[in-house]
Amino acid sequence: MYQCIACQGTLINKSTSIRICSHCGNSYPLIDEISVFLLPDSLSSLQCFIMEMEEIKSSFANISHRLEEHEQHSDDDMFANRIEMMKQGMAANSQVLDRTCKSISSFLADRPRKDNTLAWSSIKSGFTFHDMLPYFYQDWFGTPEFAKVKSLFSKTVAEHCKDWESVAVLGAGACGLLYSVADDFQVSYGVDLSLPTFITAKNFIQGEPLAFHLKRADWHKVELTPPESTANDIRYVVSDVMNMPFVSGSLSVVITQFMLDFVSNPKRLTEEIYRVLKPGGLWINFSNPCRMPGDPVELGRRKLNELPVFFEKMGFDVLSMENERFALLNLEKIYAEADNNEQLVHFFTLRKNENDRNLSGYDKPIQRFFKSNDSVWAETPRVVKGRELTFARKKSFEQGCSNELIEISVEGHYFSIPPNFAMLLDMLFKYVDGKNSLRKLFTVVHEKGISLNEDAFLQLIYVLNVQHYLIELEE
Ligand SMILES: C[S@@+](CC[C@H](N)C(=O)[O-])C[C@H]1O[C@@H](n2cnc3c(N)ncnc32)[C@H](O)[C@@H]1O
């Protein structure tokens, strides 16, 4: 059913909680029956989900502390209600986060701790569970927006689908769409990078009520009632959609909602969807317009009429394509002061050509980063146009103390990174000029005294090329 994401080898069950690749020996955990496929090392990435949760809880504790200080020093109580709601909301959400991470912590408790510098970066493209709470509201609170999406997808599946064996919903998040399409298929897979989000969605679908507070709605409480219980075969897969554990040509339908526009490289996602679909399989997409690699940055995102030529070249026939409008995360139902901006959405349905071109995915297979060979070392990296990295060293001063934080930004998205990783990137990118080969870069890294063996260096290149698409590689 699944294959190794590093070498495409066959997986064997070592125990009820670990699968192992019979070829390269990589191990993949199963937590609460959720399959975890993360590179370079799934076990280290699990640790990062816990760290991510601890960071959110500690930021809540800091905010509460600052609010309490304000209350102590203020002589009016104008904000008292909002402050109370916020403090209660953060305390309640911290408990939800704790519950969600319990099974990850107990899985890790029995095993020696493993740290891999790249592990945090493999989950960074995904959303944190806390960021996904508004999506739980959107999918499960009876919003008209979700009803619209559900109906668009079910009509399209009914009209175009010929094979009802399997569907995969990529970036499934709160899993509303996954649950709703699962009625039609023998097996339904949800794929997402956020394990805590899947643990919560799975427990909810299996009957556990969910309550949380929404920051975007001034910390109002949302209580969700689980859906009708279902005997549908729903499987949850934690994986990067750029490199999924599905065998080539194995899926009947792929669904993407607000995913093509979120990934670092929509062309690679298109190639990966082409790889996993059966010949004649369907891809149904609902997302904001996106820019394709190589498009002039100045022109921004593609218009609807500029898409068919791209997808036809990638091996798909266009069945339908239209503009839709969607009010993303519209909280009006619970919160009077919510924003409601309708966004433009591209809704399209494609069919993979019947005569599978057997591209085996890409021009150059991902596996070369995990099975060192001479030709990969001759490849030359260059910075991707429009995805240049910007570094910012931020220093803040508070009560005589100073804090320093290193942030990077790509296409306007900021995130903080560990200082040692920032140093490595800073040094490496000075030599990424479209002329130096990977071998040359590896030599430079060594000369600068950074201890990284060949395997770890190629894993770093995988992260930069496949996961975050900051560099492209040429022969
Ligand atoms: C904008 S949300 C959309 C969620 C859902 N499709 C919806 O529309 O309600 C994007 C989701 O994709 C996940 N995600 C982002 N990048 C991903 C990647 N490279 N691989 C797998 N999941 C990813 C995030 O964790 C998040 O759940």
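A residue counts as buried here if 20 or more other C-beta atoms lie within 10 Å of its own, as exposed if 12 or fewer do, and as partly exposed in between, with C-beta atoms placed from the backbone. Keep that in mind as we walk through this predicted model, in which local features need pLDDT of at least 70, side-chain atom pairs count only at pLDDT 80 or more, and totals for chains, interfaces and linings use all residues. Residues are numbered from 1 along each chain as its sequence is written.

Let us begin with strand 6, residues 187–192, where five of the six residues are buried. Helices (H or I, at least four residues) and strands (E, at least two) are DSSP runs, numbered from the N terminus. Strand 6 pairs with strand 5 (residues 166–170) in the parallel sense, over five bridges; pairing requires that DSSP finds at least two bridges between two strands. One of these links joins Leu-170 to its bridge partner Val-191 in strand 6.

Further along comes helix 7, residues 195–205, which is largely enclosed by the rest of the structure because nine of its 11 residues are buried. Among them are Leu-195, Phe-198, Ile-199 and Phe-204. After helix 7 comes Gly-207, with a positive phi near 115°.

Now for the wider layout. An automatic or database assignment supplies the domain bounds, dividing the chain into domain 1 (33–363) and domain 2 (377–474). Their C-alpha centres lie 27 Å apart. Across the boundary, 15 residues of domain 1 are in contact with 13 residues of domain 2, contact being C-beta atoms, placed from the backbone, within 7 Å.

The largest nonpolar core holds 107 residues, and Val-181, Val-254 and Ile-255 touch the most other members. Both domain 1 and domain 2 give residues to this core, so it lies between them. Such a core is a set of buried Ala, Val, Leu, Ile, Met, Phe, Trp, Tyr and Cys residues joined through C-beta atoms within 7 Å. Leaving aside residues up to four places away in sequence, Val-181 touches Phe-153, Val-157, Val-167, Val-169, Ser-188 and Ile-255.

For a contrasting spot, look at Asn-116, in the loop between helix 2 (80–109) and helix 3 (119–124). Asn-116 counts as partly exposed because it has 19 C-beta neighbours inside 10 Å. Beyond residues up to four places away in sequence, Asn-116 touches Pro-40, Asp-41 and Ser-44.

Note on methods
Two residues are in contact if their C-beta atoms, placed from the backbone, lie within 7 Å.
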